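Below is a short note on the model you sent. The points can be checked against the coordinates one at a time.

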Amino acid sequence: MTINTLYELVHNSLEKFASRVAYTMFQGEDVTYAEVGRRIAKIQEILVDAGLEPGDKVALLSSNMPNWGACYFAVTTAGMIAVPILPDFSGEELDMIIAHSEAKALLVSDKLFTKISKETISRLNVVMRTKNLGVIARNHTGKGHLGIPKPDDVAVIIYTSGTTSKPKGVMLTHKALCTQVQIDAAIFPVNPDDTCLSVLPLSHTYECSIGMIYPFSMGARVTYLNRPPTASALMPALKAVRPSVMLIVPLVIEKIFRHQVLAKFNSTKAWRTIYKIGFMRRFFHRLAGRKLLKVFGGRLRFLGIGGAKLDPLAEQFLNEAKIPYAIGYGLTETAPLLAGASPEGTRLGSTGPAVPLVKLRLENINPDTHQGEIVALSPSVMVGYYKNPEATQEVFTEDGWFRTGDLGEFDKDGYLFIKGRLKNMILGPGGENIYPEDIESVLNSHVCIADSLVTEQEGRLVALVHFNTEELERMFYDLKEDLESKKEEWDAKIEELKRDLVEFVNSKVNRFSRISEVVEEKEEFVMTPTHKIRRFLYNKRGQQGNQPDAVHKEDKSNK
């Protein structure tokens with residue numbers, strides 16, 4: 001049976017899996033599929049009593065919990081349009097998004113409610129708590145009604161958190177989201193016996209489509225954490241839940257690799273020497289992999305990684321450690337998946353081939369590098385940016401393919417290799433294409449680096465780095481205890497480390513990608529709500545001269 005709307009998907013699952021557990025709050029309640037159905041009905045009753053009708057927008061601003069899915073499905077199956085909002089937007093941005101989307105209702109968790117202004121609350125028909133589905137504020141009464149959505153009706157508007165521009169509202173249809181289920185199932189089947197552990201925000205298309213809608217369609221169980229997925233929160237959850245399926249972003253794996261694996265093999269000269277020997281490295285990675293799978297609970301059969309570029313050394317570890325990982329590539333605008341493979345089909349450095357039902361090609365190919373912009377023809381592509389026809393027109397080719405803005409190349413088997421963002425590419429003095437992401441991958445593989453960004457300043461490549469404080473304190477332990485009196489010595493060590501980093505990077509990149517200088521960023525980089533560096537702040541700073549205060553002043557306005 002082909003399912004083309006979330007209405008059909010939800011009712012199919014409620015009927016087939018009624019007695020099974022759909023959602024669990026870690027160390028909290030279990031919610032069956034039947035109970036999800038009852039909560040959907042309750043939410044819809046409150047929305048209709050506040051005068052909402054099919055086509056009306058309902059903002060969803062909440063931390064992860066079982067009722068997040070119930071709220072999302074209640075809105076979309078009623079023919080209304082859900083507007084899931086990233087929790088990390090600032091209060092000003094949240095007010096702007098709610099106003100721009102023309103939302104008439106808000107479903108919100110308690111902590112995030114405090115970020116919304118009174119003026120915004122007063123303009124909404126109704127505001128509900130996601131925790132207990134109680135009404136916080138009602139400013140309108142009058143009977144609305146439910147509708148049954150059609151495949152081409154807009155189901156959600158998702159506001160992106162671009163690194164170079166203001167958020168744009170991506171409009172995805174019911175058919176687009178349901179097609180993602182078909183795509184996911186063709187790559188890696190999930191069944192009712194699977195248990196998923198959800199650690200990424202559900203307002204991300206990645207987690208919502210693949211980590212929430214897809215498991216719900218298959219009768220699987222999803223467990224949510226009641227706090228951010230720090231190591232102290234994640235470890236007991238992994239042990240108790242023992243997930244078979246999990247989605248993460250590269251940052252999680254990279255932290256595990258750097259702190260638990262790489263730090264060990266960089267601890268002494270003897271270990272560094274042994275680690276450089278290929279068969280020894282593979283042997284130790286395999287041992288570390290067995291331990292890591294035990295940490296994950298011993299049942300893991302699919303670890304999906306997406307949302308950003310994965311450090312090549314971390315991926316090499318996953319591959320040699322025999323972790324069942326797979327890397328996917330996609331965008332919010334494509335709901336999201338465009339390329340990917342099952343764990344058995346992964347290939348180092350690649351996101352995999354185009355997924356079923358999707359076609360990919362390259363445009364404006366560089367004849368020397370064979371790289372070009374990735375454009376996609378997908379049944380899951382957005383219908384456009386909400387109230388922004390100019391931006392919509394810019395991202396579609398004349399024959400209707402979507403411009404991803406990413407640069408890539410294909411190997412002879414059709415596997416896609418992402419090179420970087422088109423807007424981030426730096427043109428070298430000899431016309432070379434320089435991809436800062438490639439250089440940053442090398443920088444971030446160094447145990448002393450927490451994060452980095454490569455920018456062009458007066459024709460030179462400069463690496464801005466935020467150091468891993470814990471690692472520095474471990475390396476310079478004798479200075480840490482009396483830092484005030486030994487500040488000059490500490491600063492000298494940092495300068496020496498910067499010089500070593502320049503040498504380290506330049507020994508691993510091509511001639512025209514070599515950096516001239518490493519500059520320390522004392523503060524953490526300013527991030528988007530999806531935890532990508534807001535590059536435009538630092539690129540702009542590079543163009544205007546080295547003015548860190550300007551960036552950190554903007555930092556406050558973007559949090």
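**Notes on the predicted model**

1. The sulfur of Cys178 lies 12 Å from the closest cysteine sulfur, that of Cys208, which is too far for a bond. Keep in mind that the model is a predicted one. At 3% relative accessibility, Cys178 counts as buried, since the cut-off for that class is under 20%.

2. How many disulfides does the structure hold? The count is zero; a pair would need its sulfur atoms within 2.5 Å.

3. Helix H7 (residues 174–187) packs against helix H8 (residues 205–218) at an angle of about 80°, and the two axes are 10 Å apart. H7 is therefore roughly perpendicular to H8, because angles of 65 to 115 degrees fall in that class. On the H7 side the contact is made by Leu177, Val181, Asp184 and Ala185. H8 contributes Ser209, Ile210, Ile213, Tyr214, Ser217 and Met218. Sorted by class, the contact of H7 with H8 has seven nonpolar residues, two polar and one charged.

4. Strand S3 (residues 57–61) has five of its five residues buried, so it is largely enclosed by the rest of the structure.

5. S3 pairs with strand S4 (residues 81–84) in the parallel sense, over four bridges. Within this pairing, Val58 stands opposite Ala82 of S4.

6. Elsewhere, an open sheet of four strands has the order S17-S18-S20-S21, with antiparallel pairing. Its edge strands are S17 (359–363) and S21 (416–421), each of which pairs on one side only. Neighbouring strands of this sheet are turned by 50° against each other on average, with direction ignored.

7. Lys359 has Leu377 as its bridge partner in S18. As background, strands of a sheet pair through backbone hydrogen bonds, in either a parallel or an antiparallel sense.

Technical notes. Residues numbered from 1 in each chain as written. Predicted model: local features only at pLDDT ≥ 70, side-chain atom pairs only at ≥ 80, totals over all residues. Heavy atoms only, no water. Pairing = 2+ DSSP bridges. Helix = DSSP H or I, 4+ residues; strand = E, 2+ residues; numbered from the N terminus. Axes fitted to C-alpha atoms, helices over the stretch in contact; angles between N-to-C directions. Buried < 20%, exposed > 50% of the residue type's maximum accessible area, 1.4 Å probe, protein only. Parallel < 35°, antiparallel > 145°, perpendicular 65-115°, else oblique. Contact = heavy atoms within 4.5 Å. Nonpolar A, V, L, I, M, F, W, Y, C, P; charged D, E, K, R; others polar.
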